[in-house]
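Work through these exercises with the model open beside you. Try each task before you read its solution.

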Amino acid sequence: MTKQWVYGFGGGESGGDASMKSLLGGKGANLAEMAKLGLPVPPGFTLTTEVCTAFYKNNRQYPAELPAQVDAALAALEKKAGKRFGDAANPLLVSVRSGARASMPGMMDTVLNLGLNDETVEGLAKLADDARFAYDSYRRFIQMYSDVVLELEHGVFEEILGAHKDLQGYRTDIEMGADDWKEIVAQYKRAVERELGKPFPSDPKEQLWGAIGAVFQSWMNDRAIFYRKHHNIPESWGTAVNVQAMVFGNMGETSATGVAFTRDPSTGEKKFYGEFLINAQGEDVVAGIRTPKALTKASRLEMKESGESLEEAMPAVFNELVTHYQKLEAHYRDMQDLEFTVERGTLYMLQTRNGKRTAKAALKIAIDMASEGLITQEEAVQRVDPAALDQLLHPTIADGYKRDIVCKGLPASPGAAVGVVVFDSEEAERLAADGVDVILVREETSPEDIHGMHASKAIVTARGGMTSHAAVVARGMGRPCVSGAGDIRIDMKLGEFRVAGRVVKKGETVTVDGSAGEVLLGAAEMVQPELTGDFGTLMQWADAARRLKVRANAETPADAEQAVKFGAEGIGLCRTEHMFFDAERIAAVREMILAEREDARVAALDKLFPHQRKDFVDIFKAMGGRPVTIRLLDPPLHEFLPHSEEECEDVSKATGLNAKALLARAKELAESNPMLGFRGCRLAIVYPEIYDMQARAVFEAACDVAESGAAPVPEIMIPFVITKAELETLRPRIDAVADDVFKRRGKRIEYLVGTMIELPRAALRAGEIAEAADFFSFGTNDLTQTTLGCSRDDAGKFLGVYVEKALLEKDPFVTLDAEGVGELVELASERGRKTKPALKLGICGEHGGDPASVAFCERAGLDYVSCSPFRVPIARLAAAQAALVNKKG
């Protein structure tokens with residue numbers, strides 16, 4: 001049986017539906033579904049994602065059966081539309097658009113008005129009784145096709161159009177008449193032939209296959225690859241191609257085009273939201289070429305816009321659109337992003353998809369829809385991307401701060417950021433790589449700017465609306481954005497922008513308030529967000545759904561307090577070495593390292609003891625009886641010493657320690673590969689007094705806190721073990737210190753002693769190591785390094801290339817390598833619990849805050865994950881989602 005590569009939709013039938021996104025792409029599946037629902041969808045057909053996969057698999061050759069299937073689908077489309085493709089008297093024109101499984105707005109290529117040539121344009125002019133419209137459509141087609149398919153810079157055409165407008169004294173395109181557009185078309189065609197050495201293609205079939213090829217080629221263009229990488233979209237998914245009969249929003253004052261959201265994508269508020277333009281084509285709205293108008297009268301008044309909203313200008317069309325949006329939101333049970341066109345008073349629906357939204361909006365929409373009974377609480381938990389919560393955990397401008405407002409625009413993406421002004425995406429990326437916070441200021445952004453937008457803390461554009469490229473992409477990235485700041489005048493040559501007599505130069509510091517649509521001069525005072533309301537509700541629902549506990553990595557009282565605020569259920573990693581670098585303590589640490597006798601080392605450690613005890617008292621108090629896993633000293637001792645003669649002299653002057661002795665000891669302790677050297681439990685095997693002092697500080701602090709509050713639960717973790725014998729050597733000393741402290745203090749505190757599994761041998765021998773351990777904590781940072789043979793500090797030189805070439809699916813230091821490192825974690829867990837069924841298991845590497853890694857930990861049956869305090873909410877939500885997925889599956 002011949003494989004079906006093409007599916008039709010519209011005109012009373014649909015070959016697919018919304019469940020077929022992996023085959024038809026999001027756009028194609030939703031067009032088919034809308035047609036099935038009886039909505040007015042222009043007919044068309046979809047070339048499946050499997051065509052794309054086959055295209056790249058077979059050296060960019062199409063399947064043999066495809067041309068015949070496309071011809072048949074085109075014939076069916078002609079019948080539905082009542083027009084003929086390439087017919088001079090009654091021409092069918094089509095759009096050719098990409099449509100991947102996951103929405104990738106602006107990342108791939110689109111061609112409109114395809115099928116126009118010198119003959120069909122005359123037929124279109126007669127059918128429409130409007131030569132200006134026909135030739136305007138023709139010049140748009142030439143420009144778009146030349147850019148997308150023929151790879152001719154659109155600047156060539158902009159120069160021609162600009163020169164003609166200057167010659168005629170026109171300021172806007174609206175002033176151009178039919179004869180002007182005829183002249184522009186002729187000049188455009190001459191430019192194509194001059195630049196490419198061949199005429200612009202006039203055969204509609206050639207045009208169609210050129211556009212189809214360009215869409216498939218665009219799956220592998222730089223901006224699509226970048227977007228996929230940023231949003232974790234696999235290359236193997238491919239894109240579909242949608243060929244659809246054109247409907248025209250630029251047929252005069254009774255025609256229009258627009259974009260709508262069934263709820264506000266920035267705030268989540270339940271109100272119909274969007275923009276439209278009368279007498280325009282779709283790209284005019286999203287490209288920012290003209291600033292569009294609000295859909296509703298309420299929005300127009302709120303935005304203080306002149307002119308009429310769609311509700312006022314075309315009330316019948318507006319009411320029909322409202323009916324359709326309500327039907328679509330109820331059907332899809334999610335906020336929808338719609339595209340529509342009005343052709344001479346008739347409404348057509350061109351697209352629906354689950355709308356991109358800010359984290360704030362995602363929260364509100366999920367909570368509201370659950371409250372409305374549209375979705376369940378568990379579904380609400382699954383509707384919010386855990387990584388998107390990052391958008392809620394960043395500063396906003398303090399109330400009462402005196403704002404020096406430079407300019408105002410549209411509040412396109414919420415949040416606030418401070419940085420220096422740059423006007424160029426490449427410069428933004430370069431400065432950001434050097435650690436400079438930058439604000440990208442552009443006339444308008446295009447998909448080519450995505451790397452600069454990603455590098456920037458915020459984006460400001462002079463043109464464009466709330467659904468422009470800048471607005472949509474910034475919301476998706478969580479970047480504050482002000483769009484349509486129409487009063488600013490950017491001078492790229494001088495490196496400055498002017499507004500109302502003020503000049504802001506490149507390199508000056510500004511603050512962008514994306515929530516208010518304002519740009520302020522200078523660095524504004526920021527405040528942390530209050531995590532209440534919808535956030536608190538979602539977290540409650542998530543906590544009810546999850547099994548995994550979530551702890552935080554913290555080693556200061558401030559970190560611990562922040563962790564508790566974000567819902568941490570304990571500390572999974574308290575790195576004690578960070579406490580040693582404090583100015584008051586480092587001298588005693590160095591004195592201990594220089595000491596040649598045990599008694600001298602003990603004397604130096606005694607100086608550290610009160611500081612270490614106070615550290616633990618403060619942390620235990622902040623955690624209020626929650627468990628705290630304390631990793632005893634891990635890094636090699638040379639990290640605490642100065643290394644150059646100059647540094648040793650400085651330290652000597654400050655502390656009185658011998659400079660020559662410092663330098664000699666630093667050289668003696670220096671290692672070729674310190675990551676695998678004299679560190680962790682190896683230090684305590686040689687110098688057991690170090691861990692003795694730390695254990696005493698822990699138990700004394702625990703007793704201190706227990707006298708006046710909830711008794712803490714210290715979990716003492718011995719790092720870098722490879723054998724059971726190491727634990728059996730060190731644990732008795734810790735237990736002896738505990739017994740001594742408890743005897744003197746007259747009370748006992750519950751505590752555990754365990755180890756970090758961070759070396760492959762420890763994972764393999766976990767069964768016997770568990771005999772001497774109360775818990776395992778997987779140190780996935782070092783376990784990844786030692787399993788993959790990659791230094792985390794150096795792997796950046798090649799890991800990016802590995803991911804790009806699909807040699808690795810993801811950076812293994814960001815997302816746990818489930819097949820390699822993950823297998824060791826599972827094996828160690830299984831063997832450890834075979835020895836001790838109640839063995840507590842967790843991870844404390846950076847992976848603890850990565851949603852995909854959290855999902856692995858749920859599958860592996862670990863008890864908890866631990867991550868940085870600001871990622872605790874992300875881990876809580878990810879753990880809930882993982883539990884719900886496991887529950888289903």
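**Exercise 1.** Decide whether Glu 689 is buried or exposed.

*Solution.* Glu 689 has 5% relative accessibility, so Glu 689 counts as buried. The cut-offs are under 20% relative accessible area for buried, over 50% for exposed, and partly exposed in between (1.4 Å probe, protein chains only).

Before going on, note that this is a predicted model: local features need pLDDT of at least 70, side-chain atom pairs count only at pLDDT 80 or more, and totals for chains, interfaces and linings use all residues. Residues are numbered from 1 along each chain as its sequence is written, and side-chain values use heavy atoms, with hydrogens and water left out.

**Exercise 2.** Find what Glu 689 touches.

*Solution.* Start with its place: Glu 689 lies in helix H27. A helix here is a DSSP run (H or I, at least four residues), a strand likewise (E, at least two), numbered from the N terminus. Next, list the contacts (heavy atoms within 4.5 Å). Leaving out residues up to four places away in sequence, Glu 689 touches Glu 598, Arg 601, Val 602 and Leu 605.

**Exercise 3.** Classify Val 564 by its accessibility.

*Solution.* Val 564 sits in helix H20 (residues 557-565). Its relative accessibility is 25%, so Val 564 counts as partly exposed. Now check its contacts. Val 564 touches Ala 622, Met 623 and Arg 626, not counting residues up to four places away in sequence.

**Exercise 4.** How far apart are Val 564 and Lys 360, in sequence and in space?

*Solution.* In sequence, 204 residues separate Val 564 and Lys 360. In space, they are 22 Å apart, C-alpha to C-alpha.
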